[in-house]
Amino acid sequence: MKGTRNLVTVIASLTMAVISLSTVAQFPSLENLLGPERRQDAPKTETPPIKFSDRTTTSRTETALTSQPWQAWGLTESDWRQYENIMAGPRGIWTPNISPVSALGVHAKTDVERMRYAEIAARQDWNRLMAERAWYLTYETAKERIFAPKLAALLADQPTLMQVQSHDRLVLFTDDQCNPTCRRVLSHVMSIGASLDIYFVGTSDRAVITQWAKTNNIAPEKVNATKQVTLNVDTGFFQRIAIDTTLPQLFRRDNGQKQLTEVRL
């Protein structure tokens with residue numbers, strides 16, 4: 001794929017590097033291409049799993065939160081009793097998962113009360129967002145450090161266009177425009193005599209596909225006689241398997257044509 005693909009897209013593309021593909025007429029159905037499922041019976045055990053409720057000790061923090069739950073929400077004991085009364089009424093049916101602060105704010109009797117609860121909620125939301133932001137940034141840093149060498153190793157094993165050989169059978173996903181990368185792929189594949197199954201994404205017009213083949217110098221005998229090239233309409237499979245939908249994308253059929261290995265362009 002293009003060298004400018006970002007880290008997440010590269011990961012997604014590498015995840016899909018070996019995939020199964022349903023073809024039109026010339027090849028088996030998708031179910032046959034997928035191969036047998038690997039099944040493994042889970043070991044049986046007579047020992048029941050440990051549940052959180054099996055714990056016999058309770059921390060001081062848990063005890064405090066249970067006996068004084070209003071503290072976790074920045075409320076008073078009086079606020080909490082009012083919240084419980086609110087939830088015992090219609091509000092408990094309408095929105096049973098509403099937060100205590102929001103419930104109190106919605107049912108506030110004065111503007112002063114409503115503003116007080118709004119400020120509590122705003123402070124809590126700010127603290128939550130800052131904690132989540134800190135976690136996200138830390139995770140991104142760790143992911144970059146851990147994934148980078150692993151991605152480099154995977155990319156090193158991925159075949160390139162120049163490594164494609166004449167006996168290979170390839171699958172090309174493209175649109176009806178064929179950009180410079182698409183033309184470069186076609187030129188190289190045709191020059192070495194490899195077989196190519198072309199799948200058109202976004203068009204099913206036979207006239208458009210026929211004109212596309214003529215424009216890109218694909219001789220009719222290669223399609224009709226030798227079957228070196230097949231022209232197929234993609235029926236949505238590309239969208240289901242591709243996280244990165246940049247076109248074109250090239251794959252090599254491996255393992256008796258049951259698997260597709262992505263080819264770097």
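Asn232 counts as buried, at 4% relative accessibility. Buried here means under 20% relative accessible area, exposed means over 50%, and partly exposed lies in between (1.4 Å probe, protein chains only). Asn232 sits in strand β4. Helices (H or I, at least four residues) and strands (E, at least two) are DSSP runs, numbered from the N terminus. The side chain of Asn232 makes a polar contact of 2.9 Å with that of Thr230. A polar contact is a pair of N or O atoms within 3.5 Å; within protein, one must be able to donate a hydrogen and the other to accept it, and residues adjacent in sequence count only if both atoms are side-chain atoms.

## Basis of the model

This is a predicted model: local features need pLDDT of at least 70, side-chain atom pairs count only at pLDDT 80 or more, and totals for chains, interfaces and linings use all residues. Residues are numbered from 1 along each chain as its sequence is written, and side-chain values use heavy atoms, with hydrogens and water left out.

The whole structure holds 9 salt bridges. A salt bridge is a side-chain nitrogen of Lys or Arg within 4 Å of a carboxyl oxygen of Asp or Glu.

One of them joins the side chains of Arg169 and Asp197, at 2.9 Å from N to O. Arg169 lies in strand β2 (residues 169-174) and Asp197 in strand β3 (residues 195-200), so this pair ties together parts that are 28 residues apart in sequence. Arg169 is buried, with a relative accessible area of 17%. Asp197 is buried too, at 1%.

Asp197 also meets Arg253 in a salt bridge of 3.3 Å, N to O. Arg253 belongs to strand β5 (residues 249-254) and Asp197 to β3, so here the parts tied together are 56 residues apart in sequence. Arg253 is buried, at 7% relative accessible area.

## Helix α8

Helix α8 covers residues 180-192, 13 residues in total. From first C-alpha to last, α8 reaches 19 Å, close to the 18 Å expected at 1.5 Å a residue. The expected span is 1.5 Å times one less than the number of residues. At the start of α8, a side-chain oxygen of Asn179 comes to within 3.1 Å of the backbone nitrogen of Thr181. After α8 comes Gly193, with a positive phi near 80°.

Which residues of α8 are buried? They are Thr181, Cys182, Val185, Leu186, His188, Val189 and Met190. The buried residues of α8 pack against β2, β3, α9 (206-215), α10 (220-224), β4 (229-233) and β5. Contact means heavy atoms within 4.5 Å.

Glu140 and Lys143 both lie in helix α7, 3 residues apart, about one turn of the helix. Their side chains form a salt bridge of 3.3 Å, N to O. Glu140 is partly exposed, at 25% relative accessible area, whereas Lys143 counts as buried, at 10%. Elsewhere, Asp125, Arg128 and Glu132 are linked in a network of salt bridges.

Trp126, Leu129 and Met130 form a nonpolar surface patch with about 310 Å² of accessible area together. Patches are made of residues with over 30% relative accessible area and no salt bridge; like charges are joined within 9 Å, nonpolar side chains (Val, Leu, Ile, Met, Phe, Trp, Tyr) within 5 Å. Areas come from the Shrake-Rupley method with a 1.4 Å probe; for residues, only the protein chains shown count as cover. Met130 is in α7 (residues 111-157) and is partly exposed, at 32% relative accessible area.
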